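Dear colleague,

Please find the structure below, handed over for your study. My notes on what was found in it follow directly after.

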Amino acid sequence: QDPTHPRAAHALPSGDGDATPIELGKSVQLDKLGPIIVNSDGTTRRIKNWVNMTKLEQAWALKRINERNKQRVENLNQQADIGHPAENSAQASKLDPLATEAA
């Protein structure tokens, strides 16, 4: 492929050969990425150095993250109910603290 072609900048990388094939309709575990962290503003992120942590560090971090995520989701749900109780009652139930477990 010509690297000067306009679409070359948008091409997917070839990868390192360590990719897991994904079948349509099947679930994939992303354990290596670590747990999802819910920030206080509702955005999410992951721990960048998760793969470099020991199993003990990961277990401790996961416990702490789950506790914080649960509290943050509860706070976000309360804020949503205060802002627009009628509109947000259905939306608030969409935030699921159990979804923060390592996928």
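Leaving out residues up to four places away in sequence, Q58 touches W50, V51 and M53, where contact means heavy atoms within 4.5 Å. The side chain of Q58 also reaches the backbone oxygen of W50 at 2.8 Å. This pair falls under the term polar contact, which is a pair of N or O atoms within 3.5 Å; within protein, one must be able to donate a hydrogen and the other to accept it, and residues adjacent in sequence count only if both atoms are side-chain atoms. Q58 counts as buried because its relative accessibility is 12%; buried means under 20% relative accessible area, exposed over 50%, and partly exposed in between (1.4 Å probe, protein chains only).

Please note that this is a predicted model, in which local features need pLDDT of at least 70 and side-chain atom pairs count only at pLDDT 80 or more, while totals for chains, interfaces and linings use all residues. Residues are numbered from 1 along each chain as its sequence is written, and side-chain values use heavy atoms, with hydrogens and water left out.

The overall layout is as follows. The protein chain has 2 helices and 2 strands, in the order β-β-α-α along the sequence. Helices (H or I, at least four residues) and strands (E, at least two) are DSSP runs, numbered from the N terminus. Of the 103 residues in the protein chain, 17% are buried. Among contacts between residues at least 6 apart in sequence, 42% join residues at least 24 apart. The accessible surface of the protein chain is about 8600 Å², and carbon and sulfur atoms account for 55% of that area; such areas come from the Shrake-Rupley method with a 1.4 Å probe, and for residues only the protein chains shown count as cover.

Q58 is found in helix α1, which runs over residues 55–83. Its 29 residues should span 42 Å at 1.5 Å a residue, and the end C-alpha atoms are 41 Å apart, which agrees; the expected span is 1.5 Å times one less than the number of residues. The buried residues of α1 are Q58, A61, I65, N69, V73, L76 and N77.

I65, in helix α1, counts as buried because its relative accessibility is 2%. Not counting residues up to four places away in sequence, I65 touches P35, I36, I37 and I47. I65 and I37 are 28 residues apart in sequence, yet 6.5 Å apart in space, C-alpha to C-alpha.

How many salt bridges does a search of the whole structure find? The search finds 1, a salt bridge being a side-chain nitrogen of Lys or Arg within 4 Å of a carboxyl oxygen of Asp or Glu. R64 forms a salt bridge with E67, with the closest N and O atoms 3.6 Å apart. Both lie in helix α1, 3 residues apart, about one turn of the helix. An α-helix has 3.6 residues a turn, so residues three or four places apart point the same way. R64 is partly exposed at 36% relative accessibility, and E67 is partly exposed at 41%.

Finally, N39 is found in the loop between β1 and β2. N39 counts as buried because its relative accessible area is 17%. The side chain of N39 makes a polar contact with the side chain of R45 at 3.0 Å. Setting aside neighbours within four places in sequence, N39 is in contact with T44, R45, R72 and L76.

With kind regards
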